[in-house]
Amino acid sequence: MNGNNYCRSRLKHFNNCFVICFTSLLLYSCAPSTKFTSEKEAAEYIEKNPVRVLLNDESNELILTVNTPVYLFIGDKRLALINKGNRIRFTPAGRGVTASIGNRNYSGIEIRLEQKDKSSLIRLNYASYRGSVRVVNEYGLVRLINSLSLEDYIKGVMTKEMPVGKSNENYEALKAFAICVRTYTIMKMGERKEFFDVYADVRDQVYGGADSEHSLSTKAVVETDGMILTYNGIPAVCYYHSTCGGYTENVANVFNHSNGPYLNGVKDGELSYCSISPRFKWEESYSETEFISRLKNADLLNPEINYSLQKIEVVSRFNSGRINELRIEVKSLQNGTETLRLFSNRIRSVIKNSDNNGILRSTMFDVNFSAGKITITGKGFGHGVGLCQYGAIRQSNLGIKYSEILRHYFPGTKISKLYD
């Protein structure tokens, strides 16, 4: 995803989420432009187009080991059968790509790999995929893209972003989440980008291919087949996060856009549904030197100057309790006292967690500076917009149906079925 897509917090590998959308990420402002303007337009587009998932980082070459027999296509022409164990090296070639297999070379604008046996998966390196795999040249970079149906894509996202549970206790939450994933994906497909629709990591939704599928989460996808959230007949903008800390957040306070009242903050139950989350309450601590270093790394202070921290205070909060403005005063011999102001979700990417391996869990926190030590005591995990995953899980545990869960987090929306 480009810099605009770090927009949802997740349960990446369950509770290890976000040492990455929160994992090793900077959260940027997301301002989706108008996508599909009606359910019908979305349905017609999806009927004709697969989801295109970008699988690799920027690369000048790509080497794949084929672990099941695949056919190599350029356009509609099937040019080769590549047997299990062969390696393919892809490199840019003009506006296209070249695939090298031993002493054989195949060049084209796009190279596509498909299963020899249509009932099997494509196995490349250490992963398995449904659909087909395409290799393209995106402005001089080799890109690996998995093209597959919307429903198969969702199956590959579910367990990477949401705990399945031990039995059926999370099942209604899984169905609600499947609808969120489908709705988000449709929003991204509506952008109609040239090469791909979604990243396979936290820049969009974490996707693990066929290897990450689970029978229970796949059942939730099948039972909600074609269902999305809509608002006034238009596919909704759908965000989600791990743990809201008791109150979800207005989208305008995080992503600087508004798509209707359904993305305004809501109270997460009288006793906070998401209080079951291991990230509902947390604490981080920093030495003064560590804290100053975070400010320098964010280019807020001159790295060549020695500073001392004078004060750190919360200036204002949103209604949810999350911080709107954080004011920091530092002092140096060269510049005297300087005042820094951090706003909303940027606070998370500047301060980061105490291990410095991920962004701060949320902006719902109190801060104390005493005797050279900064202590942050907080609640929640993620940006707080949209569906609270642990809140949904708790509601599912209480027997609340998926439709009610979605109505709670996206009031005023409707569940619509795009296709049968």
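I looked up Arg407 and found it partly exposed, because its relative accessible area is 45% (buried is under 20%, exposed over 50%, partly exposed in between, with a 1.4 Å probe and protein chains only). Glu404 is partly exposed as well, at 40%, and the two side chains meet in a salt bridge, 2.2 Å from N to O (a Lys or Arg side-chain nitrogen within 4 Å of an Asp or Glu carboxyl oxygen). Both residues lie in helix H9, residues 402-409, three residues apart or about one turn (helices are DSSP runs of H or I with at least four residues, strands are E runs of at least two, numbered from the N terminus).

I note that the model is predicted, with local features needing pLDDT of at least 70 and side-chain atom pairs 80 or more, while totals for chains, interfaces and linings use all residues. Residues are numbered from 1 along each chain as its sequence is written, and side-chain values use heavy atoms, without hydrogens and water.

By the salt-bridge rule I count 25. One of them joins Glu223 to Lys175, with the closest N and O atoms 3.7 Å apart; this pair links distant parts of the chain, helix H4 (residues 215-223) and helix H3, 48 residues apart. Lys175 is buried at 9%, whereas Glu223 is partly exposed at 39%.

I then checked the cysteines and counted zero disulfides (pairs of cysteine sulfur atoms within 2.5 Å). For Cys238 the nearest cysteine sulfur, that of Cys180, is 3.5 Å away, and Cys238 is buried at 0% relative accessibility.
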